[in-house]
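Subject: Structure handover

Hello,

Here is the structure for your files. My notes on it follow below.

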2 protein chains.
Amino acid sequence: MDSSLQAVLMEQGREARAAARYLATASTTVKNGALMAMADELEAHVPELLEANQMDLDNGRKQGLSSALLERLALNEARVKDMAQGLREIAALPDPVGEVLSMWRRPNGLEVGRIRTPIGVIGIIYESRPNVTADAAGLCLKAGNAILLRGGEEALNSNRAIARIIAGAAARCGIPEGAIQLVDSEEREAAVIMMKMNDCLDVLIPRGGKGLKQAVMENATVPYIMTGMGNCHVYVDEYADLEKAYPIVFNAKVQRPSVCNAAETLLVHAAVAEAFLPSMIKELEQAGVEIRACERSRAVVPRVKAAVPEDWDTEYLDLILAVKIVDDLEEAIQHINAHGTGHSEAIVSQDYSNVRRFMAAVDAAAVYANASTRFTDGNVFGFGAEMGISTQKLHARGPMGLQELTTTKFVVYGDGHVR
Amino acid sequence: MDSSLQAVLMEQGREARAAARYLATASTTVKNGALMAMADELEAHVPELLEANQMDLDNGRKQGLSSALLERLALNEARVKDMAQGLREIAALPDPVGEVLSMWRRPNGLEVGRIRTPIGVIGIIYESRPNVTADAAGLCLKAGNAILLRGGEEALNSNRAIARIIAGAAARCGIPEGAIQLVDSEEREAAVIMMKMNDCLDVLIPRGGKGLKQAVMENATVPYIMTGMGNCHVYVDEYADLEKAYPIVFNAKVQRPSVCNAAETLLVHAAVAEAFLPSMIKELEQAGVEIRACERSRAVVPRVKAAVPEDWDTEYLDLILAVKIVDDLEEAIQHINAHGTGHSEAIVSQDYSNVRRFMAAVDAAAVYANASTRFTDGNVFGFGAEMGISTQKLHARGPMGLQELTTTKFVVYGDGHVR
C-alpha cells in the first residue's frame, strides 16, 4: 500500500463523512440551489472544460486509445450543456429525503414510522465518460449523500475540471467542500484503497468491466452495488409473432451493441427455427453481426460459425450474437437462469401462459414481453437520471435513481413508554 | 480448506439453488400448507426434540458453558410449542412474493411494473438458541427462498432434530428437499466456506457477536446483511421530563441487558445532571448495575467508577452503564453518531424542536422520542417474526421481516416495442 496515497484518501473520507452529516439534514431549497448553480457554472466554463478535455484526448491518442474510447471521452459544448441540463433535471425531481414511507400506531400507543434518509458517503469507481462526474455528484447531492468520485485515469484532467467547478459552485451555496470530492490520483491503487475504507464509505458503486468487478469481489470490505454486467437474451417462442420478433431481436442486438442491455444470445424454439432463423440471420449479417450458432441452428443456416460453450457466458458488447435452438419454454428459462447475469431478458410470444411463466420464472432485474431488452434504463423507465444499473439482488435491482441512493430509519414516538 | 467439507457444502448449495428455482413460483397455498405441517410435526415430536436437546445440554455442561448460555440453549415443551406457533403466525402473514409495488405506462405505450420476488438462497450463521432454526426456515420459505442454516456447534443435536423434522414435513407438502438444509458440521471452517459460496448463496445473514462480525468482514465475498450490533444510547435532554426519564433509562438498561437493543451509555445534559443523576444512579445500582462515568458525572456522584475511552465504544450486553455529561443537544448527537453502532437511540425531552432535531440528525436504524430503546423488534413493531435486526444501511435497516427477505424485478409489457 502507498501510505501517503492512503493518508490522502482517509483525509478525503473524513471530510466526506463530516459533509454527509451536514447534508443529511440540509433543506431541499439549499440542495436544489446548489444543483442549479452547478449547472450554471458548468455552462459558464465551457472553454476551460474543453481545454482540460483536450489534454485527455491528446494523452489518449498518444497512448493509442481506440476511436470508440476517444469518442466516449470527448467533450464539446453540446455535451457540457447536456451535463448542465441533467443537473437541472435532478433539481426538478422530488427530494427523496424525509419521505414518510408508512406510519402506524401500536396497541401500546407508540407511533412507529419509516422514513427515507440519505445513506451517507457514496464512493463511485467509473471509466471514460466525464459526464458521469456531474451526473453522479448531482444525484448523490440531491439524495443527501457526500460522494467520492474515482474516474478513469484517461479522463483525469476533464474530471478534475468538472469536479472543481461543481464543488466550487455547491460550496458557494452553502454545501460543505467535502460533499463532492474527486480522488485525484492516477494510481490504480487508489481504487483498491477505496474498497477498504469502511469507516468513511457507506457504499461503493463500481461501474466498469469484468476486471473492475473481479477486483471489487476480491478486495472490497465496503458494501457495494455491482452494476452493468449484461449477458442478455431474447427468446423467440413457438407462439411468437415473427413480425414482432424480427425488429425486437434486431434492435436488441444492433441499435447500440456496446451497452449492457444489448442482447448477446438469441434463443429460438425448435418449432419456429426454420421459419425464423434464415431471414433473421440474414438481416443481422447485413448489419455486420457475426453469428455463433449451436449445431442445430447450423443445420438450418449452415454457413454460420459454430458456437463454443464459452459463447453462452460471454457479454460481447459488440456486433456478435450467439444463437441456440431450444425444445421448449422451460429449456429457454433454464438456459437464461444458468447463463444470464440477471440484467434484462425478453420473450417474444403471443401465448398468454408462456408469457406469464417467463415473466415469473426468469430471475433478472428486468423481464420483457414482446419488447427489446434495450429499454432497461432509468430515463426510459421514467426515473430521470440513473446512477447505473444494478445486477445484484440486495438493496437495488435494475436502474438506480434517487431512491436507491437512500436508506430508511424507523422513528418511534412515545410518552414515557417502557417495555 | 477442508476439501471434503467444501464439496459437501457446494452440493448442498446446488440443491438449495435448484429448490429456490422451484420456490420462486410456488403458490402461497403450497407454502402455507408446508408451514402448518412443519408446526404440527414439531409438536408431534416433542420427546425426540427434548432428547436431542438433552445431548446438547449435557455436552454444554461438560464444556463449562455458562448458565446463561445453557438457558438459551434449553428446549422444553413450551418452547417447542412457541416454535410451532411462530410458524403458524408466519403462515398467516400475507405472501410478499408477487406484490406489485407500482405499475405505470410510458409515453411509448410500454407498461412497466415493479414486482416483489424472492432473493433466492439465503445463508444464516447463528448461535445458541435452537428456535432460530425454525423461525429462519419459516420466514425464508414464506418469502420463497431456500435456506442454508449454520447454527452453533453447541446446539448441533437440537438443530439437526428440528431441521430434519421441518424439512421432512415441508417435503411431504411438495417443497423440494433442498429448500431447508442444515450445515451439519462441527467445523468452524464450514462458516468460512459459506462466506465464499457466491454461486450458491445470494445473501448471508450473520447473527452473532464481534468475532463473527469480524470473520464476515474479512472473509465474505457473498453479499451479507450485518445484524445486531447495538451500542445504544439514551440522551436525557435539558428539557426532559425527569419522571419519564427514570423509567425509560432503567428499562433500557435493566429489563434485558443481554440483548442488542439494551442501552449501554447514558448521556445527560449538564443543566439537569445534578437533579437527575444521583437518584438515577442510585436506582440503577440497586438493580445491580455497575456505573462507569465521565469526570464531570463523578463530580456529581463521586463514588462511581471512572470511565475510560473504550467505554464509549463498548457493547457490554451486561449490567454495566457508561454515563457522560454533555453541554448541549449537538454534543449528544455528535457523541452518538461517533460512537453508536447505528442500532437504537433515544432522546428524553419535552422540547419540540430538540426532539425534531434528534430524530433527524441521529444516524441509526431506530430513533426514539420519550421511549425505551428496548422496543426495536419485529414483533413489537408489528411485522411478526423477524430474521434479525440489520445495523447496516444497504437493503435492510432495523428489524428484518418477510419484505426484507425479498428483492424486486421490473416487468415490462410491450407489443413489438423497439428503441
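Two strands count as paired if DSSP finds at least two bridges between them. Helices (H or I, at least four residues) and strands (E, at least two) are DSSP runs, numbered from the N terminus.

Two remarks on conventions. This is a predicted model, in which local features need pLDDT of at least 70 and side-chain atom pairs count only at pLDDT 80 or more, while totals for chains, interfaces and linings use all residues. Residues are numbered from 1 along each chain as its sequence is written, and chains are lettered from A and ligands numbered from 1 in the order in which they are written.

Strands E9, E10 and E11 of chain A

Strand E9(A) (residues 290–293) runs parallel to strand E10(A) (residues 305–306), and 2 bridges join them. Arg292(A) stands opposite Lys305(A) in E10(A). E9(A) is also joined to strand E11(A) (residues 320–326) by 4 bridges, again in parallel. There, Ile291(A) has Leu321(A) as its bridge partner. Together with helix H12(A) (residues 295–300), E9(A) and E10(A) make a right-handed β-α-β unit. A crossover is right-handed if, with the strands pointing away from the viewer, the path from the first strand over the helix to the second runs clockwise.

Chain A overall

The secondary structure of chain A comes to 15 helices and 16 strands. Its C-alpha atoms fill a box of roughly 70 × 70 × 40 Å along the principal axes.

The domain assignment of chain A gives domain 1 (3–225 + 400–413) and domain 2 (232–379), with bounds that come from an automatic or database assignment. The centres of these two domains, taken over C-alpha atoms, are separated by 35 Å.

Buried residues make up 52% of the 419 residues in chain A. A residue is buried if 20 or more other C-beta atoms lie within 10 Å of its own, exposed if 12 or fewer, and partly exposed in between, with C-beta atoms placed from the backbone. Two residues are in contact if their C-beta atoms, placed in that way, lie within 7 Å. Among contacts in chain A between residues at least 6 apart in sequence, 73% join residues at least 24 apart.

One residue in detail: Ile162(A) lies in helix H7(A) (residues 156–172). Ile162(A) counts as buried because it has 30 C-beta neighbours inside 10 Å. Leaving out residues up to four places away in sequence, Ile162(A) touches Leu49(A), Pro130(A), Thr133(A) and Ala134(A). Its C-alpha is 39 Å from that of Glu290(A), 128 residues away along the chain.

Strand E12 of chain B

All 5 of the 5 residues of strand E12(B) (residues 344–348) are buried. Ser344(B), Ala346(B) and Val348(B) point one way, and Glu345(B) and Ile347(B) the other way. In a regular strand the side chains alternate between the two faces of the sheet.

E12(B) pairs in the parallel sense with strand E7(B) (residues 232–236) over 4 bridges, and Val348(B) is the bridge partner of Val236(B). E12(B) also pairs in the parallel sense with strand E13(B) (residues 366–371) over 4 bridges, where Ala346(B) has Tyr368(B) as its partner. The chain crosses from E12(B) to E13(B) through helix H14(B) (residues 352–361), and this β-α-β crossover is right-handed.

Asn370(B) is found in strand E13(B). Its phi is near 55 degrees, a positive value in a residue other than glycine. Most residues other than glycine have a negative phi.

How the two chains meet

The contact takes 56 residues from chain A and 56 residues from chain B. On the side of chain A that touches chain B, E16(A) gives the most, with 11 residues. Of the interface residues of chain A, 100% are also interface residues in chain B, so the copies meet through the same surface.

Chain A can be laid on chain B with an RMSD of 0.1 Å by a turn of 180 degrees and a shift of 0.0 Å along the axis, using least squares on the C-alpha atoms of residues with pLDDT of at least 70 in both. That is the relation of a two-fold axis. The C-alpha of chain A nearest the axis is that of His395(A), 1.8 Å from it.

Regards
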